[in-house]
Amino acid sequence: MRYSQMLIPTLKESPADAEVVSHKLMVRAGMIRQLASGIYSILPLGLRVLRKIERIIREELDAIGGQEVFLPSIQPSELWVESGRWSFYGKELLRIKDRHDREFCYGPTHEEVITDIVRREVKSYRNLPLTLYQIQTKFRDEVRPRFGLMRGREFMMKDAYSFHVDVDSARETYGQMAQAYANIFERCGLTFVKVQADSGTIGGSFSHEFAVLADSGEDRIGFCNQCGYASNLEMAAARPPEGENGQPGEELREVATPGKKSVEEVAWFLSQPAERIVKTLLFETDRGMVAGLVRGDRELNPIKLKNLIGCEWAHPASEVDIASIDGPPVGYVGPVGLGLKIYADREVTALGSFITGANKQDAHFTGVSAGRDFEVEKAGDLREVRAGDSCPHCPGLYQVRRGIEVGHIFILGNKYSRVMKANFLDPQGKETPMEMGCYGIGVGRTAAAAIEQNHDERGIVWPAPIAPFQVMVIPVNYSNESVREASDTLYRALWDAGVEALLDDRSDRLGVKLNDADLLGAPLQIILGPKNLENGQVEIKVRKTNVSELKPLSGAVSEVVSLLRAL
């Protein structure tokens, strides 16, 4: 391709609303343009990157027996009502009506649609296992879309679904898919980790995320520095406490704490360490309001609370929610006499006695003991781990880094097949719900994550497999006849050798061309100037290292091929 014939609207300045590097650079490099909040047009260079990621995905999924389909993006409400998600999914689901006043949604995911297809077409165990996938546009009405393609409302996604006769078969495909995902992200040139994760609104019993490590990542990931255990902090397991056995050590006593609400204030006022104070946090759930207890020096993890309760959702209760049940004043809530189901972190039940709010203004209890002074509905791991905490699997310690979720895989069980009656006949003729798996990759997010992980102050540094072009051919002065002839000949020779080259045939100054080349991030640049050409040489620059060397023009193509293999 020739630069002069392509739409590459580069910008010198970053857009004012861009918060992360990938958003800034994709706009500046002319790869995307915003149409509305969280909705982007993909321009030619951006689409070339997405198509390369899609090709890698297709090759890896086809290799494990996946079959590609293309499903409707507009889905009838009846399927979502049948699965139970029409009311549960919330405001992220874009709901629309047609001219006949029938309700539809713009699909954020396709579990219902694919399950409907399979229940109609697959009846026997002989047709299982079956894996179907698609690459298609999704829409989720994010409350605060940001970060460009990393968190948009409309986005390109690969979603796959597998159907099985039993859990063992589902786990086998899950393992194959996990390896395929590892292959995909490795082939895209990314540094990533596979981490244990929560299933969220998709549901299911078993889940892992694939996260690209980057400082701009929204997810926090806990790593053990010895055994290699890794998990999203939503799910990172804490080591059970050692030491105290939970036996009462003091009598319950009410003390005045005027104006002291926070853990820090109460700890200072009572001359006690924060770990002797227990926070009581109220949550609204689909099973009613509950209380969660965690030590004062810890943070309660809502995902862990949801999983401990076994409910569908759990959100921190607002002051309005608390007032609606004639609840205690905020800052003085405690478990004694609270009148709600109480779920406690194991560190709390291990304490012999501790301090809590007294459920009235300006007062706390000291000498509180679980079991004696209040009943715990269930105790478990509720705290969020932090750097330096002990690993639950070995003597190692947690480290915490940030990552960008680019892939997520789930074992769904029969969550959808059971309620939607996607059944098969087993060898004995018995009708049984299919076991299911679900597997997603954000295509645009993968491209953005690659930029977050591969850039410098000059622009993008694309991994070679997903770069829009592998080489930029940059004539110093394209109007010079000898330079133009050498550039055109080299450009054609590169394409003949299977190397995707972009020829910058513009009349701009060399500085402009070099700046644009660095911004666009092709792995290699070839600069052709009249003086070097007189000596039969060209300058080849590796974008990743920004190191240039003079090479013979006659061997430039083979040199490029060799360099690309090494990148």
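The buried residues of helix α14 pack against α1 (21–28), α2 (44–63), β26 (459–460), β27 (471–475), β29 (524–528) and β30 (537–542). Contact here means heavy atoms within 4.5 Å. Helices (H or I, at least four residues) and strands (E, at least two) are DSSP runs, numbered from the N terminus. Helix α14 itself covers residues 510–520, and its buried residues are K513, D516, A517, D518, L519 and L520. Buried means under 20% relative accessible area, exposed over 50%, and partly exposed in between, with a 1.4 Å probe and protein chains only. After α14 comes G521, with a positive phi near 80°.

A word on the source. This is a predicted model, in which local features need pLDDT of at least 70 and side-chain atom pairs count only at pLDDT 80 or more, while totals for chains, interfaces and linings use all residues. Residues are numbered from 1 along each chain as its sequence is written, and side-chain values use heavy atoms, with hydrogens and water left out.

On a 1 Å grid over the protein atoms alone, a cavity is a set of points where a 1.4 Å probe fits but cannot get out; a pocket is an open set with protein on both sides within 12 Å along at least five of seven lines; lining residues have an atom within 4 Å of a point. The largest cavity holds about 50 Å³ of space, and a search of the whole structure finds 1 cavity of 30 Å³ or more. Volume is the space filled by probe spheres set on the points, which are joined across faces, edges and corners. How does the lining of the largest cavity divide by class, and how many residues are nonpolar? There are 7 nonpolar, 1 polar and no charged. Nonpolar covers Ala, Val, Leu, Ile, Met, Phe, Trp, Tyr, Cys and Pro; charged covers Asp, Glu, Lys and Arg; the others, Gly among them, are polar.

Next, the second largest pocket. About 440 Å³ of space lies in it. Of the 24 residues that line this pocket, T280, L281, V330, G331 and V333 lie nearest its centre. Two or more lining residues come from each of α7 (263–270), β14 (278–285), α9 (319–324) and β18 (354–357). Strand β14 gives the largest share, 6 residues. By class, the lining of this pocket has 14 nonpolar, 7 polar and 3 charged residues.

In the loop between α7 and β14 sits S271. S271 is not a glycine, yet its phi is positive, about 55°. Is S271 buried or exposed? It counts as exposed because its relative accessibility is 62%. K421, in the loop between α11 (415–419) and β22 (423–425), likewise has a positive phi, near 60°. At 61% relative accessibility, K421 counts as exposed.

Last, the strands. Strand β9 pairs with β10 (residues 206–213) in the antiparallel sense over 5 bridges; two strands pair if DSSP finds at least two bridges between them. The bridge partner of F192 in β10 is V212.
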